[in-house]
Amino acid sequence: MAIATWLLIGIGGATRVMNAGLACPDWPLCYGSWLPWQQFNLQVFLEWFHRLDAAALGLGTLVLVALGWRSRSQLPSWWPWAATSCLVLIGLQATLGALTVTELLRFDIVTAHLGTALLFLVSLLGLKAALQPRSPLTAELAVPLPFISLAAIAVYLQCLLGALVGSRWALHQCLAGSQLCGVLQSHLWGVVPTTDCQPCRCGLVAGVRTAGRVSLGPY
């Protein structure tokens with residue numbers, strides 16, 4: 001599921017770059033159909049496949065939550081609740097996806113759409129990591145947890161700034177007419193503190209203790 005989410009984010013980026021965000025003018029259908037054969041071109045296919053992948057992830061998340069609650073006696077007490085929060089994120093993501101279309105690619109909604117997808121991806125990776133025999137979540141960290149959290153937040157904010165640059169076409173507008181250059185420059189300068197924080201991530205792999213965990217398969 002984490003791989004499918006990563007691919008979905010990539011497909012969403014391709015959809016944006018190809019100006020295909022409104023290739024399907026309605027939602028959840030596409031030209032009033034679940035499979036718009038007559039309208040298919042590259043743009044329509046990208047948007048349609050993006051929605052298809054998202055729907056498959058939604059179903060997969062339902063299965064994940066069901067498995068989590070069924071096996072809750074063998075899992076950390078917080079795990080089923082965390083899996084349920086992923087389901088909430090999927091619902092929020094679907095809502096933002098619909099608003100992206102109905103609000104005609106409004107930049108703040110597009111940015112929030114990517115931000116929620118990244119949170120969902122990180123949540124899946126955390127759920128999987130918690131089930132590993134040598135989990136970084138149970139490690140004796142060489143770097144204090146607040147510094148690791150700071151590094152993660154810095155990366156996340158940098159990703160959001162990149163999404164904002166894309167959703168507002170800031171690079172094109174800055175080069176063409178010196179507009180929105182502040183948005184572009186904030187993303188470029190954001191590389192510095194983000195890079196400075198990354199040594200903190202070394203604590204995630206230091207002093208990992210062996211701890212038995214139950215696996216739910218590919219999730």
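Reply: Let us begin with a single residue. At 32% relative accessibility, cysteine 159 counts as partly exposed. Buried means under 20% relative accessible area, exposed means over 50%, and partly exposed lies in between (1.4 Å probe, protein chains only). This is a predicted model, in which local features need pLDDT of at least 70 and side-chain atom pairs count only at pLDDT 80 or more, while totals for chains, interfaces and linings use all residues. Residues are numbered from 1 along each chain as its sequence is written, and side-chain values use heavy atoms, with hydrogens and water left out.

Me: Is cysteine 86 buried or exposed?

Reply: Cysteine 86 counts as buried, because its relative accessibility is 0%. Over the protein chain, 37% of the 219 residues count as buried.

Me: How many helices and strands does the protein chain have?

Reply: Helices (H or I, at least four residues) and strands (E, at least two) are DSSP runs, numbered from the N terminus. Here the protein chain has 8 helices and 0 strands.

Me: Which residues have the most contacts inside the largest nonpolar core?

Reply: In soluble globular proteins, nonpolar side chains tend to be buried together. A nonpolar core is a set of buried Ala, Val, Leu, Ile, Met, Phe, Trp, Tyr and Cys residues joined through side-chain atoms within 4.5 Å. The largest one in this model has 16 residues, and those with the most contacts inside it are Met1, Leu57, Leu64, Trp79, Phe120, Leu124 and Leu127. Helix 2 (42-70), helix 3 (79-102) and helix 4 (107-130) each supply at least two residues of this core, and helix 3 gives the most, with 5 residues. Contact means heavy atoms within 4.5 Å. Leaving aside neighbours within four places in sequence, leucine 127 is in contact with residues including Leu64, Trp79 and Cys86.

Me: Which cysteines form disulfides?

Reply: A disulfide is a covalent bond between the sulfur atoms of two cysteines. In this model, a pair of cysteine sulfur atoms within 2.5 Å counts as one, and a search of the whole structure finds 2. Cysteine 24 and cysteine 30 form a disulfide with sulfur atoms 2.0 Å apart; this link is left-handed, with -75° about the S-S bond, and both cysteine 24 and cysteine 30 are buried. Cysteine 174 and cysteine 181 form a disulfide with sulfur atoms 2.1 Å apart. That disulfide is right-handed, because the torsion about the S-S bond of cysteine 174 and cysteine 181 is about 105°.

Me: Which residues are linked in a network of salt bridges?

Reply: Side chains of opposite charge can pair when their charged atoms come close. A salt bridge is a side-chain nitrogen of Lys or Arg within 4 Å of a carboxyl oxygen of Asp or Glu. By this rule the count comes to 3. Glu103, Arg106 and Asp108 are linked in a network: the closest N and O atoms are 3.9 Å apart for arginine 106 and glutamate 103, and 2.8 Å apart for arginine 106 and aspartate 108. Glutamate 47 also forms a salt bridge with arginine 51, with the closest N and O atoms 3.0 Å apart. Glutamate 47 and arginine 51 both lie in helix 2, 4 residues apart, about one turn of the helix. Glutamate 47 is buried, because its relative accessible area is 6%, and arginine 51 is buried at 14%.
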